[in-house]
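Please read it alongside the sequence and coordinates.

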Amino acid sequence: MILIFFIEYMEQAHVVEFAILGGVIALNVLAWMSGWAHRRSRRGHIHIWRTWLMYALTILACAAASFADQYHKLYVPGCHFDKLDLFLDASGYITAVTCAFIAWSIGSFVYRLIFQNKFVKKLLTRHRPLGYINPRDGPVAQLVRASG
């Protein structure tokens, strides 16, 4: 009974350990590469493939750490390469990386919605007080508005 509990505990520890590792790697990738991912095309669109590339690089880095963990067990007496551990590791880091990227995408969307949305700018500029002169308009438009 104690042995079964210990084995289940160690399996859960692998999931949590690699979930934390996946979250840390995802946050580092997002912190270092998010400026590159937000670069816009000439039309002003964000390249979605850059986000997917960052996601794939994060998963590959976590998979490399998982394989390295299993590989070093080959040289530890009494341990062996375990495919179940690879699966448990993958379930931990894929979940954490996916959650981090979803949170980043939602935060990025909200940021663009609040600070860079042209609809909000149009809405705010539509209701101008009477006699308002837009300083960005040319002098002819300012005279027409001031006289009208």
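**A position in the helix contact**

Apart from neighbours within four places in sequence, Thr58 is in contact with Gly22, Ile25, Ala26, Val29, Val97 and Phe101. The model is predicted. Thr58 belongs to helix H2, and its relative accessible area of 0% means that it counts as buried, because the cut-off for buried is under 20%.

**Overall make-up**

- The protein chain contains 5 helices and 0 strands.
- Along the sequence the order of elements reads α-α-α-α-α.
- The protein chain has 148 residues, and 24% of them count as buried.
- Among contacts in the protein chain with a separation of 6 or more, 59% join residues 24 or more positions apart.

**Packing of H2 and H3**

- Two packed helices are described by the angle between their axes and the distance between the axes.
- Helix H2 spans residues 48-72 and helix H3 spans residues 83-115; the two pack at an angle of about 155 degrees, with their axes 10 Å apart.
- H2 is therefore roughly antiparallel to H3, since the angle is over the cut-off of 145 degrees.
- H2 and H3 make a right-handed crossing.
- On the H2 side, the contact includes Thr51, Met54, Tyr55, Thr58, Ile59, Cys62, Ala63, Ser66, Phe67, Asp69 and Gln70.
- On the H3 side, the contact includes Asp85, Leu86, Asp89, Tyr93, Ile94, Val97, Thr98, Phe101 and Trp104.
- By residue class, the contact of H2 with H3 divides into 12 nonpolar, 5 polar and 3 charged residues.
- Val97 and Phe101, both listed for H3 in this contact, are also among the residues in contact with Thr58.

**Aromatic pairs**

- With ring centres required to lie within 6.5 Å, the count comes to 5 aromatic pairs.
- One of them is Tyr71 with Tyr75: the ring centres are 5.5 Å apart and the planes stand at 75 degrees, so the pair is edge-to-face, the cut-off for that class being over 60 degrees.
- Tyr71 has 46% relative accessibility and so counts as partly exposed.
- Tyr75, at 63% relative accessibility, counts as exposed, because the cut-off for exposed is over 50%.
- A cluster linked by ring pairs contains Trp52, Tyr55, Phe101 and Trp104.

Conventions. Residues numbered from 1 in each chain as written. Predicted model: local features only at pLDDT ≥ 70, side-chain atom pairs only at ≥ 80, totals over all residues. Heavy atoms only, no water. Phe/Tyr/Trp six-rings, centres within 6.5 Å; stacked < 30°, edge-to-face > 60°. Buried < 20%, exposed > 50% of the residue type's maximum accessible area, 1.4 Å probe, protein only. Axes fitted to C-alpha atoms, helices over the stretch in contact; angles between N-to-C directions. Helix = DSSP H or I, 4+ residues; strand = E, 2+ residues; numbered from the N terminus. Parallel < 35°, antiparallel > 145°, perpendicular 65-115°, else oblique. Left-handed = near helix turned anticlockwise from the far one by under 90°. Contact = heavy atoms within 4.5 Å. Nonpolar A, V, L, I, M, F, W, Y, C, P; charged D, E, K, R; others polar.
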